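I opened this entry to record what I looked up, chain by chain. The model comes up next, and my notes come after it.

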Amino acid sequence: MSTTPLSSKHDMKADMLRESTSVDPSPQAATPLAPVSGKSARVRRKPPVNLWLGGAIVLGVLFCAVFAPWLAPHNPLDQDLLHMLSPPAWMAGGDAAFPLGTDSLGRDVLSRLLYGSRIALTVAVIAAFGAGIVGSVLAILAGYFGGWVDRSISYLVDLWMSFPPVVLSLVLMVSLGVGIENVILSIVLVDWTRFCRVVRSEVMVVRQRDYVLAAQLLNFTHLRIMLREILPAALPLMITLFSLEMGVAITVEALLSFIGLSVPANVTAWGVMIADARVTMHESLSGLLFPVLAIVITVLGCNLLGDGLRVALDPRMRSKGE
Amino acid sequence: MLRLISTVLSRRLIAAIPTLLMLSLIVFVVLRLIPADPLAMMLPPNATPADAALLRHQLGLDKPIPSQFLIWIVNALHGNLGASISFQQPVATLIGSTLPATLELCLAALVISLIISVPGGVFAYAVTDRRGELPVSFAVVLMQSVPSFLWALLLIALLGVYLPVLPFSGRVGDGIPMPHLTGFLLIDFLVKGQFSDWLSAASHLVLPSLALAFGFAPLVIRVLRSSLLDQRNESYVGVARLRGVSESRILWRHMLKNAALPALTMIGVQFGFLFGGALLVEMIFSFPGVGNLMVQAVRNNDLVLIQGIAIVFCALMLVINAIVDTLYVIMNPRLRKTA
């Protein structure tokens, strides 16, 4: 008994991320009872709106980040003290030179948003990649070998998950010191468990498949089986998690730069913009809303892309058209 | 039943002790790897190396890390978590005076998020495979994409600044003395019969707990929806249908009970999410809780305080998970026999 709730909890945690991938066991749900006419088949096949919308948002932000120096009308750090807290161009008192207005030091909000996307995406991609590598390697080792390897890695995951994540990030940031590379490192060190626990349960399923047994019978090395048989089967799940983790990383970076723990003062990040705009909230709300919107839209893009990928990359879901 | 509860709960709590020790060790070691010297803040600018060595010795920082850890653990067991460098007060006192505020906030947020997410989850399930599915699932993903601290700022902008209807700073209005009974203001003012002060405390709690709840609710909605989907093809649903039980009764009275279990587990696992959210939300609302204290400690590089708060948060997480495990056993009769 002592292990039952724990192990069931483990599966449940995995389910949280994989929730709608669960395939209906009953035949009645899997196949429509009525003969499939062309029309009903079209109705059942929902277009992958999430995938395209999320992908478009992420690509759009990527475009802004890469071409920020060409797109931005001003230098993000240039202060124009004659135009402090000016509203967006379309509002009364706005200036066409500052399309989204200026902040309390007369810096152009649009340019700062564009440059801020560089920080957000850099952190998102590298941190998600790092967390994915660390978590997945441990997950494959744990799921493939089982036994004491699995027990010790699972213990580590359980231990890590007893930390409230933000508290652990703060402790790590205090210890590592301010800086973008430390933000990335702390996200990796906090969020590898997200990959580990989900990928592990997938690997444990894959390990039981016939082709893995066949590979073992052919006396392939463990490394080869893990890389050539297990990894490809777990890869779709890892890609999905990667996309979701990008959203988490963007949120955490914004949060840390909001407190002032992320980037040095001469670097523009969305969280810094929010912290600055919060001070002058009573005079101007627009300076606060734009960086908030930037974060929300980008994170939404990552989440939609993750949801869309989960459906698109799972052959069982694809045939159901769900 | 009561015996069962106490057995399970105490067993879970005892099992959590080694975990807490390991967590303390991790926090302790991580904070000792720090590049900055914690002494630098405590010494006056004209201190000599001899002063530094003396202070180092007084604080026990010249001993090896394992013995420092042992000393700290023994002190912690006696309720002494050390003294905060920046506040010049015992860490335990600081945490003790702020913890009720955080717990009150998190509990209020939990209640609000359940009020939102139980009907929300049922609704999200009910529209599955219908026309409403796409907009509803989009709305849930959108809600999920806004972290609590951004909800906090948006709520302040909307209901504090643009339409100034609710207060957004502190726990009570200016000039209202703290009752100092339990620390839970909603209880204290009620016990003392100060109803206008109670209203003030409640109105100060609205925005921060809404911000936390909005961040938490989408998670619960998603889990509830997917566990309702899992229940859809269970045989008891078919049996109830054959007996002529109405669809809404099947959904609310039968399926929801079974679907609540995974959601309960998720709430336990994700409680750390609430605490994490509370950190920033408290800071934004100048809410005098542990989270706000933590942010100040981090800004002041107050290692002793950071360490104490981190451990208290971990301990809370473990206690909450023990409670959730116990509730799980109570609510799931299948686990009861083996327990």
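What follows is my record of the two chains, their contact and a few local spots.

**Ground rules.** I worked on a predicted model, where local features need pLDDT of at least 70, side-chain atom pairs count only at pLDDT 80 or more, and totals for chains, interfaces and linings use all residues. Residues are numbered from 1 along each chain as its sequence is written, while chains are lettered from A and ligands numbered from 1 in the order in which they are written.

**Chain A, overall.** I looked up the secondary structure first. Chain A has 14 helices and zero strands. I then checked burial: 44% of the 322 residues in chain A are buried. Buried means 20 or more other C-beta atoms within 10 Å of the residue's own, exposed means 12 or fewer, and partly exposed lies in between, with C-beta atoms placed from the backbone. Of the chain A contacts with a separation of 6 or more, 71% are between residues 24 or more positions apart. A contact needs C-beta atoms, placed from the backbone, within 7 Å.

**Helix α12(A).** Which residues of α12 (270-279) in chain A are buried? I noted A:Trp270, A:Gly271, A:Val272, A:Met273, A:Ile274 and A:Ala277. I then asked what covers them. The cover includes α6 (109-145), α11 (222-259) and α13 (286-313) of chain A, together with α7 of chain B.

**α11(A) against α13(A).** Their axes come within 8 Å and cross at roughly 170°. Axes are lines fitted to C-alpha atoms, for helices over the stretch in contact, and angles run from 0 to 180 degrees between N-to-C directions. That makes the α11(A) and α13(A) pair roughly antiparallel, a label for angles over 145 degrees. On the α11(A) side I listed residues including A:Pro236, A:Ile239 and A:Ala254; on the α13(A) side, residues including A:Ile295, A:Arg310 and A:Leu313. The contact divides into twelve nonpolar, seven polar and one charged residue. Nonpolar covers Ala, Val, Leu, Ile, Met, Phe, Trp, Tyr, Cys and Pro; charged covers Asp, Glu, Lys and Arg; the others, Gly among them, are polar.

**Chain B, overall.** I counted 15 helices and zero strands in chain B. Its C-alpha atoms fill a box of roughly 85 × 55 × 40 Å along the principal axes. Buried residues are 39% of the 339 in chain B.

**α8(B) against α9(B).** Helix α8 (185-192) of chain B packs on α9(B) at about 170°, with the axes 8 Å apart. The two helices α8(B) and α9(B) are therefore roughly antiparallel. B:Leu185, B:Leu186, B:Phe189 and B:Leu190 of α8(B) meet B:Asp197, B:Trp198, B:Ala201 and B:Ala202 of α9(B). I sorted this contact into seven nonpolar, no polar and one charged residue.

**B:Asn80.** I found B:Asn80 in the loop between α4 (65-77) and α5 (91-126) of chain B. B:Asn80 is partly exposed, with 14 other C-beta atoms within 10 Å. Beyond its neighbours within four places in sequence, B:Asn80 contacts B:Asn75 and B:Ala92.

Key
Helix = DSSP H or I, 4+ residues; strand = E, 2+ residues; numbered from the N terminus. Contact = placed C-beta atoms within 7 Å. Parallel < 35°, antiparallel > 145°, perpendicular 65-115°, else oblique.
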